[in-house]
Amino acid sequence: MWRALAPARAIGRAASGGGARIGGGARALGRSLKDTPPAVQPTVDGSCLRFPGRRGGWAAMPEVSTDDLDERQVQLMAEMCILVDENDRRIGAETKKNCHLNENIERGLLHRAFSVFLFNTENKLLLQQRSDAKITFPGCFTNTCCSHPLSNPSELEENDAIGVRRAAQRRLKAELGIPMEEVPPEEINYLTRIHYKAQSDSIWGEHEIDYILLVKKNVTLNPDPNEIKSYCYVTKEELEELIGKAAHGEIKITPWFQIIADTFLFKWWDNLNRLNLFVDHEKIHRM
């Protein structure tokens, strides 16, 4: 049963806002990444982007008003994400706000992210519905936790994706209230990476190298209503029903969750005690 939280303050947001692209839309964007040549990778200098090999390649970061958005979520937009090239090599850092503006995404700005899939000992998957206060994909249903490692020494460390796994531990606490000692990084399994791009609305979007992380454990939950509108543990059959509702436009699902569910999730789910069969740290799946 879905457990709803008290509504978060979401200034200027309708419950169905955000214009999330799901289902066929997400897959269509994914195919374009496979079928097109690699984009020119920008570098960042202060408030400007530079595109190698282009005359006059400096472009100022666009100015976008956030006055009508949730105050707490706007504050989080100042966090520094890790910029990468299409091979996940670190090339710099930029604010979460600038990383998620479609104008910058179309210029090639790409950042590192992660998606956590947490299963309990009954093999049920913990899902969440993003709060209406979220700036990207508000009100959409998605996997357990989705966020970004930050450009700080602890989360920049790349050996065995330890920095990403530390970031996941941090965000599981921030979003779902899971005590950090219940999800130590060594119990967060790094499987593989995907590269995808999707628009939330005309202003905001995603362009990420997304690390896929799995956890199998019973945990304590105390979700933050500014992050999460509702949450639920689901069986495979219940997830299939949810995906069916999204296909008929009854609900919205985040594009990265749709992509992962369509391609990998159910195979992993059938083999939770043999996840080593699916570990691939070399390939980045272009979705």
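A residue is called buried when its relative accessible area is under 20%, exposed when that area is over 50%, and partly exposed in between, using a 1.4 Å probe and protein chains only. This is a predicted model, in which local features need pLDDT of at least 70 and side-chain atom pairs count only at pLDDT 80 or more, while totals for chains, interfaces and linings use all residues. Residues are numbered from 1 along each chain as its sequence is written, and side-chain values use heavy atoms, with hydrogens and water left out.

**The chain as a whole**

- The chain has 8 helices and 14 strands, counted as DSSP runs (H or I of at least four residues for helices, E of at least two for strands) and numbered from the N terminus.
- Of the 287 residues in the chain, 55% are buried.
- Among contacts (heavy atoms within 4.5 Å) with a separation of 6 or more, 73% are between residues 24 or more positions apart.

**Helix α7**

- Helix α7 covers residues 236-247, and its 12 residues reach 17 Å from the first C-alpha to the last, close to the 16 Å expected at 1.5 Å a residue, where the expected span is 1.5 Å times one less than the number of residues.
- Its buried residues are L239, L242, I243 and A246; seen down the axis of α7, they fall within an arc of 100 degrees, so they line one face of the helix, the arc being that of the directions from the helix axis to the C-beta atoms.
- On the other side of α7, E237 and A247 are exposed.

**Surroundings of α7**

- The buried residues of α7 pack against β8 (125-130), β9 (141-142), β13 (228-234) and α8 (255-269).
- Just after α7, G249 takes a positive phi of about 75 degrees.
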